[in-house]
Amino acid sequence: MTSGGGSINKFILYCPFTLGSYTGTYGFQYYFDYPAVAPLARFIMIDPAVWMGNTTGTRVMYGNGSPAQQWVAAQINNARAIGIPWIIVATHKVCFSAGVESCETGNNFTNFLMNMDVDLVLQGHDHDYQRSQQLTCVTAETYRPECVGNDGSSGLYQKGDGTMFLITGTGGGLLDHINATDGDYGHFASLDATTYGYAKISVTANSLQGQFIPTSGGSFKDAWAISSSNSAPVWLASSLKTSNLSGRTLTLTWTPALDIDQVSSYNLYANGSLLTTLDGTDTSFNVTGLTPLAHYVFKVQAGNTAGLWTANGPSTTAFMHLRADVNLDCKVDIIDLVLVATSFGARTGSPGYKPEADVNSDGVIDIIDLVTVASTFGQIC
Ligand SMILES: [Ca+2]
Ligand SMILES: [Ca+2]
């Protein structure tokens with residue numbers, strides 16, 4: 001049925017639809033709502049510019065006035081009428097791209113999707129990864145600053161500021177390349193052609209959150225979110241780390257959360273109990289009064305001026321002890337010094353290696369570990 005590549009009929013045969021029910025013709029032009037009950041997103045899966053035979057004349061056209069474009073409009077309007085918050089359209093081919101492919105789906109159809117306020121367009125064809133700005137208009141191969149609703153540089157977009165296009169052609173065929181001199185290049189906030197992987201997208205009533213998950217080739221990552229104005233802050237590529245660990249104290253440091261308006265507060269938790277509430281500009285805190293030789297799970301959540309809080313903030317664990325207290329008796333003394341000396345020279349995997357005597361955890365018990373014990377000699381928890 002198609003030329004120049006794979007057969008959609010084989011795809012249909014070996015990848016049957018498993019997400020409940022759909023409307024239309026699977027593999028060609030159809031839609032489904034997710035989740036099936038009380039749906040949050042409508043996925044409209046269509047085939048603009050895909051060949052149905054062996055000549056360009058068999059391409060499926062979605063240009064202005066075409067029945068195919070009218071079908072898409074009807075499904076978008078219907079989704080809005082029944083209260084589905086997110087509209088996601090998927091096409092195999094692309095229009096604007098900084099990869100190797102040209103505008104096949106058409107400027108008219110691409111502008112139609114923007115005029116219909118589609119939130120997200122998922123695409124392939126180009127063997128690379130490209131996350132666009134939020135755009136309200138496009139002319140392929142031309143950078144048009146007046147079309148930019150949100151440039152996507154922070155990773156956080158606001159729902160309604162334009163349509164975001166996500167090309168994830170990073171599975172299957174060999175990766176191609178990104179062309180930084182392409183006329184469309186400026187309309188993308190994140191691009192890569194070094195890493196195979198897939199896009200993971202989570203949907204709630206107030207936000208779409210996406211990640212590029214690398215699987216092989218390189219280590220490229222990406223994270224983004226589209227939030228509505230009544231959304232909690234979001235954590236993109238977030239982390240919470242500990243440092244300066246001692247028997248009763250440590251320092252927590254986190255990457256900032258993002259908010260359409262502003263992050264106004266952070267809540268820190270230890271083993272599920274609120275430790276403290278901090279200002280939204282803070283990104284670290286010295287925790288005191290902890291229990292020596294106890295294990296902790298620390299977590300941070302972000303709140304905004306509307307009083308909405310994240311629930312998926314980053315977390316980390318810590319075991320409270322003096323760094324050089326090898327035998328964990330809450331004292332750094334001659335016993336610890338002897339334990340390090342006894343294992344001196346041992347490396348990971350060798351018989352004499354004792355991880356607890358490798359004070360700096362670098363895989364070898366050496367002078368650095370000995371000096372660490374000596375320099376903190378006499379400390380107690
Ligand atoms: Ca000790
Ligand atoms: Ca060491």
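Author: Residues are numbered from 1 along each chain as its sequence is written, and chains are lettered from A and ligands numbered from 1 in the order in which they are written. In this predicted model, local features need pLDDT of at least 70, side-chain atom pairs count only at pLDDT 80 or more, and totals for chains, interfaces and linings use all residues.

Reader: What makes β16 and β17 a pair?

Author: Strands are DSSP runs of E, at least two residues, numbered from the N terminus. Two of them pair if DSSP finds at least two bridges between them. Strand β16 (residues 263-270) and β17 have six bridges, so they pair, in the antiparallel sense. Leucine 268 stands opposite threonine 276 in β17.

Reader: Why is β17 called an edge strand?

Author: β17 (273-279) pairs on one side only, and so does β20 (315-319). The open sheet runs β17-β16-β19-β20, with antiparallel pairing.

Reader: Where do the domain bounds come from?

Author: They come from an automatic or database domain assignment. It gives domain 1 (8-227), domain 2 (240-319) and domain 3 (334-375). The C-alpha centres of domain 2 and domain 3 lie 32 Å apart.

Reader: What makes a set of residues a nonpolar core?

Author: Its members are buried Ala, Val, Leu, Ile, Met, Phe, Trp, Tyr and Cys residues, joined through C-beta atoms within 7 Å. Buried means that 20 or more other C-beta atoms lie within 10 Å of a residue's own, with C-beta atoms placed from the backbone. The largest core has 59 residues, and Ile88 is among those with the most contacts inside it. Strand β3 (residues 41-46) gives the most to this core, with five residues.

How values were computed
Helices (H or I, at least four residues) and strands (E, at least two) are DSSP runs, numbered from the N terminus. A residue is buried if 20 or more other C-beta atoms lie within 10 Å of its own, exposed if 12 or fewer, and partly exposed in between; C-beta atoms are placed from the backbone.
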